[in-house]
Amino acid sequence: MRIAFFADIHANREALEACIYHSILQGVDKHVFLGDLIGYGADPEWVLDTVMRYYENGAIVVLGNHDEAVLQRSRNGMHSDARYAVEWTRTRLNRHQMKFLSGLPLQIDEHDRLYVHANAWAPNQWGYITDTFDTARSLAFTRCRLTFCGHVHERYLYHQNGSRSVNAFVPQPGVDIPLSTHRRWLINAGSVGQPRDGNPAACYAVYDSALNMLTYFRVPFDVEAAARKIKEAGLPEWFGTRLEQGV
Amino acid sequence: MVAESLSAGAFLGGFKLVKRIHAGGMATIWKVTREDLSLPMVMKVPRLKDGDDPSFIVSFEVEQMVLPKLSGPHVPRFIASGDFSQQPFLVMEHIPGGSLESRLPEAPLPPDKIAGIGAKTAAALHDLHCQRVIHLDLTPDNILFRKSGEAVLIDFGLSRHDQLPDLMAEEFHLPMGTAPYISPEQVLNVRSDSRSDIFALGVILYELSTGEQPFGDPKSKAGLRRRLYVDFVPPRALNKECPRWLQEIVLRCLEVDPAKRYGSAAQLAFALQHPEQVVLTPRAERGRRDSHWTIFKRWMNYNKFGPSANRSIARHLDTVPIVMAAVDTSPEMEALSDSLRKAVKRIFRTERNARLTCVTVRKTPLVGLDLGVDEAGQNLHVQFLIELKHWARALEIPADRISFHVLEFPDPAAALVNYARANHVDHIVIGARGSSTLRRFLGSVSSQVVAEAPCTVTVVRGRIRPEIMEQVAKPRVRRGIVYYYMVYLLTSL
């Protein structure tokens, strides 16, 4: 089975559309949405409706911190602009969409794979995995061989051998990487709607469970349109400029 | 199932084990068959026991990862691999015949044989590097030859793929390689320089030229480090028959600083294929080892060698292309050859480490006698060479990065394309003579080269004056006349 992993869409319709189209051409059988469907971007309704449609057809969706923030009254730990975006997003969502968000799980196990937004040691605390120590900690909290996550907005591939030492690798787009069954892997799928590695193109990953092969893709989308909509919606303008710069 | 308990007639992963052909410390090799595959195949089964050096396992993982990514005549074809969750194995095409190791007892070999073996191996290395893989364990054991002559490289357990995690570097912090052949930078744990393979091939060429190993077979890390500051006896001091050009090539491969070696295996193959074009430097004349004082000074400084920047193989190869200029030196083509020179100059302004090969074709008659001299009795080949060198003078490219070749062939386009293919040319620059009706009808040399070349082709054309363009564009009727005339000629033959 070929599974596409979409993390951190952040209400970016242009990026999600481009990635969905790209993934269809890749012959993907299933989609997994790794949280943070909304926040920052100007199209939360369209993004949620699209993800809900995929969900009804068997896609897996887990909760992200921005999704959770929309559901909660107090949002400590978020900077003021992000908090503003959350407030703005809430005013746009209908009851149906809110209900969908409130029903999302923090993590899901499927065969030898764990799907989670931030980490496995405390999925509801939203701690970041930024190095090999965080990775070792997360891998210690799951029995799964493969962990798929997002949250840091940069693609990374970590692997752990039998002696439990962890190493990191920055994968190149379009290259099939065999995930040796002799080791455990933590796959950060990058961000669809707000990449922060200097390249504005949307990022997602495809895992082929039959071949045990992982491939990352970078998909260009209409960044100017997404940035313009953010400005027109009255959201902080730097949400748009950071999209254009990929930071 | 463990590797030890495998026996002939047993099945593993759908393959029938026929015969064990090798039982090494790290793996056993079986000849295997499968009903639906007629290709001769071998299966490599690692020995996995508790207490084994974990690098055995990782190196097998690396080979399982790298081999399926490789293709072409210079590697064994990958067939299948078995997962670590059961019994790991790797099935690949069987290349019969012995490795280069079997030729070592005959060393010193004649120089032309050494150049032939070296050029074939360098071509295989270049192909590997173009596929973004550095071998990092090139030894005579790991070089086989197909019946058709191509070198085949095997054993990718220490290899590094540019775009895959480098499991070896990440797991182990000791130098990895085979002691006599390991490059100085590998001793310093640098695993990202394709020129490390050129160093290993240099050791092999030295061995074939002298029957000895330049650095011996050190067993300690300190012993491996000696190659960073202690030099070796030059080949000609051990074997008087070793020509200067071969010593020049071997010593250049064995430079401690990778930047002083050949930039690419293609450039090394080129030197081995054209010994007469090798520019001799003091390397060729070196008769003995350096003095103790020089070695001491190097020892004082060798720790300054920092690991070179980790850069991609593909990006490195892009900086060291072989550029071929196809030059027509006839006097009426002066304007065009001038434009061609300008185009070449433009390329060399950005590609400072590129190598230029200037080629011209002396068209020989398809049938009949070619005397090879003009009416005045001058040797035409030499004449062409003089003109070619004259053409290149204004480019001001240093002698060790330029070479000249006169091809003698009835079909110029085929001669150029064959030359480009045999010499791993990355970029051809060729002039297109003006447009004429007959040329468009018959097809020009440049268009044929564009159609058949194995690489990028830049076609250079002198600026055509508008009134000439008009003339060329007009005569549709005349083209018809030429056509009927040709048909008439052909039918009347």
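This is a predicted model: local features need pLDDT of at least 70, side-chain atom pairs count only at pLDDT 80 or more; totals for chains, interfaces and linings use all residues.
**View 1. An open parallel sheet of five strands in chain B.** The strands of this sheet follow the order β13-β12-β11-β14-β15 in chain B, and their pairing is parallel. At the edges stand β13 (402-409) and β15 (456-460) of chain B, each of which pairs on one side only. From one strand to the next, the twist averages 20°. Strand β11 (residues 322-326) of chain B is joined to strand β14 (residues 427-431) of chain B by four bridges, with the two strands running parallel, and within this pairing B:Met324 has B:Ile428 in β14(B) as its bridge partner. Helix α14 (residues 380-393) of chain B lies across β11, β12 (355-363) and β13 of chain B, and runs at about 145° to β13(B).

**View 2. Strand β5 of chain A and its two partners.** Strand β4 (residues 107-110) of chain A pairs with β5(A) in the antiparallel sense over four bridges, whereas three bridges join β5(A) to strand β6 (residues 146-149) of chain A, and there the strands run parallel. Strands of a sheet pair through backbone hydrogen bonds, in either the parallel or the antiparallel sense. A:Leu114 takes part on both sides, being the bridge partner of A:Asp109 and standing opposite A:Thr147 in β6(A). The hairpin of β4(A) and β5(A) has two residues between the strands, and in this hairpin A:His111 takes a positive phi near 55°. Along strand β5 (residues 113-116) of chain A, the side chains of A:Arg113 and A:Tyr115 point one way and those of A:Leu114 and A:Val116 the other way, yet all are buried.

**View 3. Helix α1 of chain B, largely enclosed.** Helix α1 (residues 54-66) of chain B has 13 residues and reaches 18 Å from its first C-alpha to its last, which is close to the 18 Å expected at 1.5 Å a residue. Because 11 of the 13 residues of α1(B) are buried, the helix is largely enclosed by the rest of the structure.

**View 4. Surroundings of B:Ile295.** B:Ile295 lies in helix α11 (residues 292-301) of chain B and, at 13% relative accessibility, counts as buried. When residues up to four places away in sequence are not counted, B:Ile295 touches B:Tyr229, B:Val230, B:Asp231 and B:Asp290. B:Arg341 is 46 residues from B:Ile295 in sequence and 45 Å from B:Ile295 in space, C-alpha to C-alpha.

**View 5. Backbone features in loops of chain B.** A cis peptide bond, with omega about 0°, joins B:Ala107 and B:Pro108, and B:Pro108 is found in the loop between β6 (89-93) and α2 (111-130) of chain B. B:Arg132, in the loop between α2 and β7 (133-134) of chain B, has a positive phi of about 65° although it is not a glycine. A positive phi, of about 55°, also belongs to B:His424, again not a glycine, which lies in the loop between α15 (412-422) and β14 of chain B. B:Arg132 is partly exposed, with a relative accessible area of 27%, while B:His424 is buried, with a relative accessible area of 18%.

**View 6. Cysteines without disulfides.** Over all chains, the structure holds zero disulfides. The closest cysteine sulfur to that of A:Cys203 is in A:Cys19, at 8.1 Å, and is therefore too far for a bond; A:Cys203 counts as buried, at 2% relative accessibility. For B:Cys130 the closest cysteine sulfur is in B:Cys455, at 12 Å, so this pair too is too far apart for a bond, and B:Cys130 counts as partly exposed, at 47% relative accessibility.

**View 7. The contact between chain A and chain B.** In this view, 16 residues of chain A are in contact with 14 residues of chain B. The area buried between the two chains is about 1,300 Å², of which carbon and sulfur atoms give 53%. In chain A, the residues that lose the most area to chain B are A:Phe169, A:His182 and A:Arg183, which together account for 33% of what that side buries.

Definitions and conventions: Residues are numbered from 1 along each chain as its sequence is written. Chains are lettered from A and ligands numbered from 1 in the order in which they are written. Side-chain values use heavy atoms; hydrogens and water are left out. Two strands pair if DSSP finds at least two bridges between them. Axes are lines fitted to C-alpha atoms, for helices over the stretch in contact, and angles run from 0 to 180 degrees between N-to-C directions. Contact means heavy atoms within 4.5 Å. A disulfide is a pair of cysteine sulfur atoms within 2.5 Å. Buried means under 20% relative accessible area, exposed over 50%, partly exposed in between (1.4 Å probe, protein chains only). The expected span of a helix is 1.5 Å times one less than its number of residues. Buried area is the accessible area (1.4 Å probe) that two parts lose on being put together, summed over both.
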